[in-house]
Each structure stands twice: as C-alpha cells, then as structure tokens.
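Here is a short report on a two-chain model. Read it with the structure open beside you.

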Amino acid sequence: MIEVRELTKTYSDLRRDQFVAVDGISFHAQPGEIFGLLGPNGAGKTTVLRILSTILRPTAGMVSVNGFDVLTQPDLVRYQIGFVSANTAVYDRMTAWELVEYFGRLYGVETNTLRERMENLFSKLQMDEIRDLLGAKMSTGMKQKVSIARALIHDPPVVIFDEATSGLDVLVARALLDTIGELREQGKCVIFSTHIMREVERLCDRIAIMYRGHVLSEGTLHELLESYQQTDFEELFFRLISEHDQQHTAASSST
Amino acid sequence: MKWSNVKLIFSREVRDQLRDRRTLFTIAVLPIFLYPLLGMLVFQVMQFTREYPVRIWIVGSEHLPRQPRLIEGTLFSAGLFSYPKDNELLEVVLADSDSDAKGSEELQFEAKRAVQSGDFDAVIIFPPSFSEQLERFRKQLGDSRLPIYDEAVGEIPSPRIIYDQTRDESRVAKERLAMVLHNWRENIGREYLKQNNISEIVAKPFVAEETDVASEDQRRAAVWSKLLPFVILIWALTGAFYPAIDLCAGEKERGTLETLLCSPARRSEIVWGKLLTIMLFSSATALLNLVSMSVTATLMMGQLEQLEQTFPELPMGMPPLISLVWLIVALIPVSALFSALSLALATFARSAKEGQYYLMPLLLVTMPLIVLPVLPSVQLELGTSLIPVTGLMLLLKSLMESDYQLALLHVIPVIGMTATCCLFAIRWAIDQFNNESVLFRESERVDPGLWLRHMVRNRGDTPSIGAALLCATFLLILRFFANFQLSTPESWSELATVTIISQIAFFAAPALIMAFILTRNPRATLLFRMPVGFTLPAAFLLAALLHPTAMTISAQLQELYPAPEQLQVMVQKLIDGAPNIWALLLVLALTPAICEELAFRGFILSGLRHLGHPSWAILLTSLLFGVAHGIIQQSIAASIVGCVIGYLAVQSGSILTCILFHLTHNSLAILSQVLMDDFLAFLPAAKWAVQSIEGGYAYSWPFVVASLALAVLILVWFSRLPHQLYAEEQLQEAIDNQTVRAVAK
C-alpha cells in the first residue's frame with residue numbers, strides 16, 4: 001500500500017551547504033494497519049509525511065502510495081490519501097460544512113454521495129453543532145475534527161496523521177485515537193506520527209523509531225522489545241537514541 | 001487543467017474575500033466615501049473663495065477722484081462687480097484723513113502690521129497726489145495743443161495693495177481688490193475717451209477670435225484621456241495587491257496553504273483560481289472608483305454650473321460615454337497584468353507583513369510606466385507600444401480620443417506584449433507554487449558573500465536559473481551603458497572595430513567567464529559537442545529557406561513602423577565603405593553568430609532549461625535576445641529568429657548548429673542587399689521570385705510561402721532528432737502525462 005525505499009531528502013542551506021533531513025530510510029505499510037513513526041522533534045517525521053502527501057519532492061529514493069509514484073504521479077497520489085497535520089489548518093472565513101464540502105468537490109465526489117458522506121462524518125465525529133460555525137471561532141479540538149472530516153471526505157485508502165494530537169486536551173485526543181482505531185477496522189492504511197510514546201504503544205501495529213533522519217529500528221512493539229531485551233518502551237527509545245548518538249560521535253571523531 | 005476545479009477555487013476565494021472586512025473596505029467602502037469627501041473639500045474651497053467676506057482697509061480715500069466713483073458710502077461701488085451684490089463681500093474701513101500727516105513709510109509699516117495681525121485682510125493705499133495727477137492727465141488729454149506726454153505733468157503714482165500670500169483670506173481679499181481696481185481703471189479710461197469724443201475702439205482696436213477644431217466631446221475626451229487611465233491603473237494595482245497578499249502570503253501564514261496543496265487541485269488550477277479572484281477584485285476596485293468618481297463629478301458639475309459666471313474656465317464636463325466604454329474594455333488586460341504580477345510577488349512572500357513590503361518596489365517599478373504616457377511628448381509608436389503598461393495606456397488614450405487608425409496599427413504589439421507579460425507572470429506564479437524553497441522558505445541571513453560562495457561551491461553541470469538571469473541582466477546592463485560610452489561609428493573601420501569589440505566584450509567574454517566560474521561543466525553549458533549526422537546541413541538549409549520569410553517580415557515591420565530614415569542612410573553609408581564582401585560577412589555575420597550564440601543559446605538557455613519547460617526557456621531566451629538588439633524593429637525580428645535558433649539548440653544539443661544557422665541567416669540578409677543586382681543580371685530567370693520595389697527588392701508571395709513550407713518540413717525533421725532533456729524537463733513531462741499513463745496502467 002505504502003512503500004518507501006531509500007528515501008532521502010536534502011535541503012540546500014547557505015551555511016551548512018546541504019542539510020540532510022531524511023537519510024535513506026525505508027519502510028512499508030499495509031491496509032488495515034496503523035504504522036507509527038515515533039521520534040523527537042526534528043527527527044524528519046514531518047518531512048517524510050510531507051513527501052508522502054506530495055507537498056515536498058524526494059531528493060532520492062522511491063516512494064509509492066497505492067502503486068502511484070509521488071514524484072511522477074503526484075496528482076494521482078493525492079486522491080489516495082487523506083492528510084491531517086498540525087500544518088494543515090482550516091480556513092478562518094469558512095464554516096465547517098462549507099470547508100468539508102469544498103474539499104469533497106475538489107476531490108470530484110459526486111453531489112449525492114458527498115452529501116451522504118458529509119452527514120455521516122458530521123454525526124460520527126459529533127460535529128453537527130459546529131456545522132455553521134466559522135473556522136475562526138472554533139476551538140483547537142473542533143478544528144481538528146473538521147480537518148479529519150476534510151481528510152476522509154473522499155474515502156481514501158491511506159490516511160496520514162502528523163502530530164495530530166498536539167495541542168488537544170485529553171478528552172479530544174482520546175476521541176481522536178478512537179477514530180483512528182476505527183479507520184483500521186475499515187481496512188485503511190494509517191500512518192501516524194507522534195513524539196508521544198503512550199499513543200504509539202496504545203495504537204500502532206508496527207512502529208519505526210526515527211532520529212536525525214534515520215530509522216533506528218522497525219517492527220511491532222513486541223518485536224522491538226524482544227529484540228532489544230527491554231520491558232519498557234521508553235527505556236528502549238532512549239537506549240536506541242543514545243546508541244545512535246555514540247556511533248555518530250565516534251564516526252565524526254574518527255574521520 | 002480542470003476548469004471545474006479552477007471555478008471551485010475561484011468561488012471559494014471570492015466568498016472568502018467578501019467575508020473579509022479589510023478587503024471590503026479597500027474595494028467598496030473607500031471609493032464610495034473617498035470621492036464625495038474629496039468633492040466636498042474642493043467645493044468648500046471654492047465656496048470659501050467665493051463667499052468669504054473680507055475686511056479691507058483703505059488709506060487715502062480722500063485722494064480718490066470724484067468720478068467715476070470707487071467707493072459709494074461704506075462699500076465699493078456696486079457697478080464694479082459682475083454681481084452687484086458681491087460688493088457686500090468686501091467690508092471697507094476708511095482710514096482717518098489725518099493719515100496724510102504720516103510719511104509714506106510709516107503708513108506702509110502700519111498697513112503691514114494691520115495685515116499681519118489679521119485686523120484686515122488687505123490694505124490699499126492711495127498716494128496723496130493720486131487724484132490731482134489723474135486730473136492733470138485728463139486735462140492734458142483734452143487739450144489738443146499740448147503734447148500727449150509732458151514731463152511737467154509727470155506720472156500717475158500707483159496705489160499699493162498690501163496683503164499676505166500665506167493667508168487664504170488675505171489672498172482672496174487681494175484678488176477681489178485687484179478685480180475691483182481693474183474694472184475701475186477701465187471705467188476711468190472709458191470716461192476719458194468719452195469726454196474727448198473718442199470711440200472706445202481706440203483702447204481695443206480689435207479682438208482676435210479663436211476657432212478650436214476640437215469638438216466639445218473631443219476636448220473633454222482629451223482631458224479625461226490623460227486623467228482616467230491613470231486613476232484606473234492605480235486602483236487596479238491597489239485592488240490587485242491586497243487580495244493577492246491575503247490569498248497567498250496570508251494563506252501561508254494561516255497554515256491553510258498546505259491543506260490546499262495536499263488536495264487534488266493542481267498547482268496551475270490553484271494559481272488560475274486565485275488569479276481570477278484577484279482580477280475580479282482588481283477590476284471591481286477600479287470600476288467602483290470610476291463610478292464613484294463619475295457620480296461625484298456629475299453632482300459637483302451641477303453645483304458648479306450655478307457659479308459658472310464667476311468661474312468661466314470650468315474644469316471640464318463629464319467624460320464622453322465611449323471613453324468610459326474603452327476604459328472598461330482596457331480594464332481587463334490591465335487587471336490581468338497587475339493581478340498576475342501581484343500574485344507572483346505575494347507567493348514569494350512568507351507572511352502578509354512581508355508581502356506589504358513588496359508593494360512599494362512594485363509601485364516604484366510600475367509608477368514610471370504609468371506616468372510616462374501622461375508626459376506631453378510621449379506618443380503611441382512601435383517603441384512605446386512595446387513597453388508594458390505604457391503601451392496599453394497610450395493605446396487607451398488614442399482610443400478615448402477616437403484616433404482609431406493609430407490605435408489599430410498598434411493594437412497587436414500592445415496586446416501581444418501585455419499577453420506575454422501576463423503569461424510570464426502566471427508561469428512565474430505557478431513555478432513559485434511548485435518551488436519548495438519558496439513555499440517553505442525560512443528566514444535566511446542576508447549575506448551576499450555567503451550566497452555567492454554557496455552559488456560557486458554548489459554549482460551544477462549547467463548554470464542555475466538564477467545564474468542565467470544574472471548573466472542576462474549583466475549583458476543588458478553592460479550594453480546599455482556601452483551605448484552611451486561608445487561613439488557612433490563614422491567610417492567602416494570604426495564600425496568594424498566597435499562591432500567586434502562589443503560583441504566579444506559584451507557577449508562572448510561574460511558568457512565564457514560565467515560558464516567557467518558558475519558551472520562544473522562549461523562544455524555542456526556552452527553546448528560544445530558535435531551534432532549528429534545531417535544536422536549541420538539541415539540547419540544551413542533551414543536558414544536559407546527561412547530567408548525569404550525573414551526578409552518579408554522585416555520589410556512589413558519597416559513599412560508598418562518605419563525606422564528613422566537618417567539611421568538607414570547612415571548604416572548604408574557605413575556598409576558601402578566596406579573594402580569587400582568578406583570583411584562585411586566577417587564583421588556583421590560571423591562575429592555576432594559566434595558571440596551572441598555563446599551567450600544566449602549557450603549560457604542563458606542552458607540555465608533557463610532548469611525551468612522544466614523547454615518552450616518557456618526558448619521563449620524567454622529569445623525575448624532577452626531581442627531586447628539585446630538596439631533598434632526596436634530589429635528586436636522584434638531577432639526575437640522571432642531567436643525562437644527558431646533556441647529550438648535548434650534544444651533539439652541538436654550543439655552550439656555549432658546555432659552558429660551555422662545564425663551565420664547563414666545574417667550572411668543571406670547582407671548578400672541579398674549587396675549582390676541582388678548582380679545576381680539578377682546573372683540569373684534573369686529568378687525574377688519570378690524576386691521583385692524590384694522602391695529602394696530594394698522583395699520576394700514574391702508564392703516564393704515565400706513555398707520556401708516556408710519546405711522550412712517547416714525541416715523543422716519536423718529536427719523535432720524527430722533524439723535529444724537530451726534536463727531532469728526537470730523529464731519530471732515535468734512525466735507529471736504532465738501522469739493521468740494518461742495511469743489509465744494505461
């Protein structure tokens with residue numbers, strides 16, 4: 001469903017010349033699976049997800065979504081995904097209903113189907129009371145719900161959540177995680193990035209731990225704990241990161 | 001591109017803007033209130049000038065003659081005013097008659113103080129001997145024995161008006177006083193003539209009558225045709241800029257841009273949707289301003305007509321209806337151009353605040369273009385019609401003045417130039433939307449040294465787009481200044497020296513140096529590779545086959561837009577001075593072919609191909625190539641030829657093809673001028689193809705069409721050559737074909 005092979009993304013930077021944000025990472029995710037990208041801020045998660053959603057172009061490597069290549073077929077890839085991120089805000093001067101309808105029509109959803117789906121989504125996400133509320137007047141939680149409705153309106157096979165729970169209170173965050181769980185039940189391929197370990201433990205079928213543009217380890221929670229002989233996921237995370245830092249220091253001092 | 005998506009984005013953006021109070025204020029509220037307010041202000045000023053009562057102090061009233069009377073009772077004589085009641089607007093205070101006891105200097109000092117302190121708005125002092133001298137003069141006039149001018153009688157002393165230019169009231173008082181004195185003086189003169197039985201005609205033996213060939217409508221159109229385009233342009237720009245900032249930079253700032261970018265709308269659909277929105281608001285702003293201005297003007301005219309007698313030279317009537325129609329027609333390209341420019345700039349801005357900073361530079365660049373047409377000496381001609389904005393304004397002016405013949409002649413260059421500018425601006429905006437570094441730009445330290453080092457250190461095999469544009473700008477600036485510095489050649493040897501030096505110094509050398517500094521692979525940049533198979537003969541043949549067409553285009557251009565004859569005669573004289581045909585070909589064909597190709601098809605085109613669209617790169621290079629040619633008629637021809645050479649460069653990948661084509665093209669142009677007589681004498685059968693016309697030769701139409709058809713065949717052959725695409729071009733091709741390929745899958 002999603003295949004990432006040797007993906008590299010570099011930015012040209014006046015001072016550092018080339019800044020490598022993502023350094024040759026590979027992973028893949030299947031339908032009916034929640035794939036977690038866990039890593040601290042600046043690990044490169046957002047860059048990877050932006051490449052998946054065709055907002056950025058890869059420098060090297062191959063990324064395909066449902067068989068379409070993100071570099072050469074970006075328009076087709078965008079029909080396959082719903083993208084919710086902290087950077088995909090809602091329009092201030094549009095009501096919830098208008099916004100979801102607008103994106104539905106951009107995706108070319110037929111009028112009757114669109115209406116049906118919107119009614120369903122609005123009731124499922126409990127958004128009926130904010131139907132006619134302008135984006136500017138919504139709380140963070142309401143905005144996040146609208147974003148989710150916007151991302152699901154075309155019923156995409158792949159849904160991507162980038163730091164989707166950041167800034168949400170416990171209640172809303174919990175409801176969001178439940179929604180994501182339901183998406184898995186519907187057979188969608190979900191990519192979920194976060195820096196919060198509890199969310200990963202609770203939700204994800206498979207996890208890739210990212211740090212400084214690299215994937216340090218990948219597998220199910222159980223596999224990861226077993227292979228590093230750890231009982232606590234947090235301990236495992238810190239161990240991987242400090243090992244990487246040590247290797248990095250050793251490598252740079254030896255050259 | 002799906003137009004349904006463009007429509008969707010357009011209607012969303014329009015609704016969004018209409019819900020924004022700031023936009024509504026600029027496009028609707030401001031014009032509705034601005035002009036009535038301005039009108040009221042003007043009206044207030046006029047009313048003030050007309051109706052404000054002023055206080056006048058008259059010193060030495062006892063020295064006034066009895067007849068005709070200046071003062072009656074405590075007011076100026078009513079007969080001296082056009083409206084008799086107007087004398088009440090000047091309150092008169094007479095000075096005590098003891099003022100005579102004071103010296104004239106003391107009197108003046110007192111009068112000045114009275115004006116400065118504001119006690120009086122103006123003072124008039126009549127000197128002591130005023131009426132006596134007038135009387136003496138009158139007597140002398142009546143006595144035919146005395147000479148007309150007698151020293152013993154002396155001059156009539158002048159009354160003095162004292163006022164304060166900086167105080168409005170005082171200025172009004174002075175003007176009214178001057179008017180009263182003028183009428184009074186005329187009365188005195190008339191009285192004298194009457195007493196001596198002389199006709200009044202003596203004072204004004206004749207009055208010249210004037211006939212203005214312009215009709216009332218034309219006169220009004222002439223005034224409005226300078227004013228209205230200016231107003232429309234300024235508002236079209238303002239109306240485009242603010243929505244553009246909100247639509248692009250604002251969207252970036254609010255974080256909704258990423259939402260839109262991950263939707264299935266293509267970048268070009270987003271840009272078109274936004275562009276149409278900006279255009280709508282730009283034209284609406286201009287139109288609302290126009291309407292508000294017209295309504296205000298109509299209302300004011302009505303009011304002013306009542307005052308017409310006091311203000312004989314009324315500013316003007318309403319603009320004729322046809323002018324307004326043309327204005328609205330012209331609004332479409334004007335707003336399209338400004339909208340596209342604002343959109344591209346606003347996309348570049350990181351935030352709305354940064355966007356605001358770009359308004360000033362944009363205004364500074366456009367302002368001269370807007371002001372230029374208002375200058376009296378600037379006329380619509382080929383040169384001015386090709387200046388963006390200016391050409392459009394001049395065309396509009398001639399349409400408003402009903403000079404349709406002039407307008408028709410220039411409508412193609414003006415619309416062509418405007419459309420080209422619009423398309424480039426739109427292309428630029430779309431590319432900005434595709435450019436990650438623009439969309440996710442972070443603030444970088446401003447450090448030219450660091451930037452230059454970065455550019456050299458990270459140079460690619462071929463120059464970057466920035467390097468290509470840098471090179472083009474550099475060449476054009478060099479040429480511009482060199483035109484001032486280099487003397488106009490007066491002989492063949494001077495012409496040869498200047499041409500060779502400037503070709504090498506301004507084209508070849510900069511391109512070579514930049515290729516070595518700014519690229520890793522100068523050979524690839526300058527297309528130093530052998531072309532395959534029959535490419536070279538094909539290029540030669542193509543140039544030869546296109547020669548009749550090129551000549552015909554030049555001749556047509558020359559006929560429609562004649563270049564100064566002086567210049568042609570001068571060039572002909574210089575060419576006649578050439579020692580032989582080989583020298584002519586070396587200087588005017590081979591040198592430019594090598595030097596110009598290295599710069600334009602070598603460095604610049606190689607850089608611009610990173611745009612990802614070969615046709616845009618060729619077009620832009622050709623336009624720059626055209627601009628680099630001094631004379632405007634030549635520039636147009638060069639731009640067209642440039643497109644063909646650019647295409648050969650892309651298809652053959654070799655600079656030799658370009659040089660050969662350029663050399664053949666120039667050589668044939670020279671040879672056909674110099675050797676046509678000999679040629680026709682040698683081969684009289686060729687006369688069906690070449691006709692002798694006044695001042696030269698022209699190719700017959702069948703010959704031109706036939707050769708052009710063959711040329712097209714060769715171009716088709718070129719299109720089938722295996723050629724290398726840049727990575728950006730390959731990617732773009734793949735993206736453009738994605739739907740087709742996906743269906744095939």
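## Two packed helices in chain B

Helix 20 (residues 535-560) and helix 24 (residues 632-652) of chain B pack at an angle of about 160°, their axes 10 Å apart. Axes are lines fitted to C-alpha atoms, for helices over the stretch in contact, and angles run from 0 to 180 degrees between N-to-C directions. Helix 20 and helix 24 of chain B are therefore roughly antiparallel. Angles under 35 degrees count as roughly parallel, over 145 as roughly antiparallel, 65 to 115 as roughly perpendicular and the rest as oblique. Helices (H or I, at least four residues) and strands (E, at least two) are DSSP runs, numbered from the N terminus.

Which residues meet here, in helix 20 and helix 24 of chain B? Helix 20 of chain B brings residues including Thr535(B), Ala539(B), Leu546(B) and Ala550(B). Among those from helix 24 of chain B are Ile636(B), Ala637(B), Ile640(B) and Val644(B). The residues of this contact divide into eleven nonpolar, five polar and no charged. Ala, Val, Leu, Ile, Met, Phe, Trp, Tyr, Cys and Pro count as nonpolar, Asp, Glu, Lys and Arg as charged, and the others, Gly among them, as polar. Two residues are in contact if their C-beta atoms, placed from the backbone, lie within 7 Å.

## Model and confidence

This is a predicted model: local features need pLDDT of at least 70, side-chain atom pairs count only at pLDDT 80 or more, and totals for chains, interfaces and linings use all residues. Residues are numbered from 1 along each chain as its sequence is written, while chains are lettered from A and ligands numbered from 1 in the order in which they are written.

The predictor gives the complex an ipTM of 0.91 and a pTM of 0.81. Chain B has a mean pLDDT (the predictor's confidence in each residue, from 0 to 100) of 85, and 94% of its residues reach 70 or more. Within chain B, confidence is highest in helix 27 (residues 701-719), at a mean of 94, and lowest in helix 29, at 54. Residues 310-315 of chain B stay under 50. Residues 741-745 of chain B are also below 50.

## Where the chains meet

Chain B puts 29 residues in contact with 32 residues of chain A. Helix 1 (3-18), helix 8 (257-261), helix 16 (448-457), helix 28 (727-736) and helix 29 (738-744) of chain B each supply at least two residues of this side. By class, the side of chain B that touches chain A has eleven nonpolar, eight polar and ten charged residues.

## The sheet in chain A

Chain A has an open sheet of six strands in the order 6-7-8-3-9-10, with mixed pairing. Strands pair if DSSP finds at least two bridges between them. Strand 6 (81-85) and strand 10 (214-219) of chain A stand at the edges, each with a single partner strand, so one side of each lacks a neighbour in the sheet. The twist averages 15° from one strand to the next.

Strand 9 (residues 206-211) and strand 10 of chain A are antiparallel, over five bridges. Tyr211(A) has His214(A) as its bridge partner. Helix 9 (residues 233-254) of chain A lies across strand 9 and strand 10, at about 35° to strand 9.

## The sheet in chain B

An open sheet of four strands in chain B has the order 4-1-5-6, again with mixed pairing. Its edge strands are strand 4 (90-94) and strand 6 (160-162) of chain B. Strand 1 (residues 54-59) and strand 4 of chain B run parallel, joined by five bridges. Ile56(B) stands opposite Val92(B).
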